[in-house]
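Let's take a walk through this protein together. Have the model open as you read.

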Amino acid sequence: VCVALIGQCVGDNSIVMLGMSGALLHVVNHATFKALLFFGAGSVLHATGTRTIDILGGLQRRLPASAAFFLIGAVAICGLPPLNGFVSELLIYVGLFRGVIASNPLAAGVMGIGASALAVIGGLAVACFVKVYGVVFLGAPRSDCAANAHEAPRPMLSGMTILAFVCLTVGLVPWLIAPLVQVAARCWNPALEAGPDALNV
């Protein structure tokens, strides 16, 4: 949203469109992959009966579907391709980079700092979820509850299946939802109606 507001201040509708569209899509994406991760955590809790991740391990073999869904959610929340988190972050990054080359030096400086901060946050997210996935799903079981874990029942897996499908669909065919987020952005700022189709980046 800050990217969109800065774009509005400097009079660049393409930055406004990219910033607001990226923000709106990122809200939807967070609702999707965070729900998927919470469902995955619930599946692990159901299978092992514990919330202590340090005594788990080796669950990828015992919960293959849950492990795959959790991995999809982890990759998506880290903003890595080819999932939905990457698409919304890409829109924000492109808006930031267009702001960096803007004629306004103050806006360019703020956009540069924003791009750097977003990159650092993405790196920290990758480090966090690499550790979580490795501790919980890889290696050998470190307790009896992990060794005796069982896969979640179909009703639990069905919810994760739907969310994983959304993450993959938005990531692989983002042009299907581009018109929707552009319409939402233009509802926020009707002046964008006459602007370029900035999501064709």
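Start with His26, which lies in helix H2; helices here are DSSP runs of H or I with at least four residues, strands are E runs of at least two, and both are numbered from the N terminus. Is His26 buried or exposed? His26 counts as buried, because its relative accessibility is 17%, and buried means under 20% relative accessible area, with exposed over 50% and partly exposed in between (1.4 Å probe, protein chains only). Leaving out residues up to four places away in sequence, His26 touches Gly85, Ser88 and Glu89, where a contact means heavy atoms within 4.5 Å.

A quick word on what you're looking at: this is a predicted model, in which local features need pLDDT of at least 70, side-chain atom pairs count only at pLDDT 80 or more, and totals for chains, interfaces and linings use all residues. Residues are numbered from 1 along each chain as its sequence is written, and side-chain values use heavy atoms, with hydrogens and water left out.

Now for the overall picture. The protein has 9 helices and 0 strands, so reading along the sequence gives α-α-α-α-α-α-α-α-α, with helices defined as above. Along its principal axes, the C-alpha trace spans about 60 × 30 × 20 Å. Of the 201 residues, 44% count as buried. Take the contacts with a separation of 6 or more: 77% of them come from residues 24 or more positions apart. The accessible surface comes to about 10,100 Å², and 72% of that belongs to carbon and sulfur atoms (Shrake-Rupley method, 1.4 Å probe; for residues, only the protein chains shown count as cover).

What sits inside? The largest nonpolar core has 30 residues, and those with the most contacts inside it are Leu36, Leu59, Phe69, Ile72 and Phe137. A nonpolar core is a set of buried Ala, Val, Leu, Ile, Met, Phe, Trp, Tyr and Cys residues joined through side-chain atoms within 4.5 Å. The elements that each give two or more residues to this core are helices H2 (13-48), H4 (64-77), H6 (105-137) and H8 (154-172). The largest share, 7 residues, comes from H4. Look at Phe137 in particular: beyond four places in sequence, Phe137 touches Val44, Gly58, Leu59, Gln60, Ala67 and Phe70.

Back in helix H2, find Ala47. Ala47 is buried, with a relative accessible area of 8%. Setting aside neighbours within four places in sequence, Ala47 is in contact with Leu63, Cys145, Ala149 and His150. Ala47 and Ala152 are 105 residues apart in sequence, yet 6.6 Å apart in space, C-alpha to C-alpha.

How many disulfides does the structure hold? A search of the whole structure finds 0, a disulfide being a pair of cysteine sulfur atoms within 2.5 Å. Cys78 counts as buried at 7% relative accessibility. Cys167 is in no disulfide either, and the nearest cysteine sulfur, that of Cys78, is 12 Å away. Cys167 is buried too, with a relative accessible area of 0%.

One last stop is the loop between H4 and helix H5 (84-100), where you'll find Pro82. Most peptide bonds are trans. The one from Pro81 to Pro82, however, is cis, with omega near 5 degrees.
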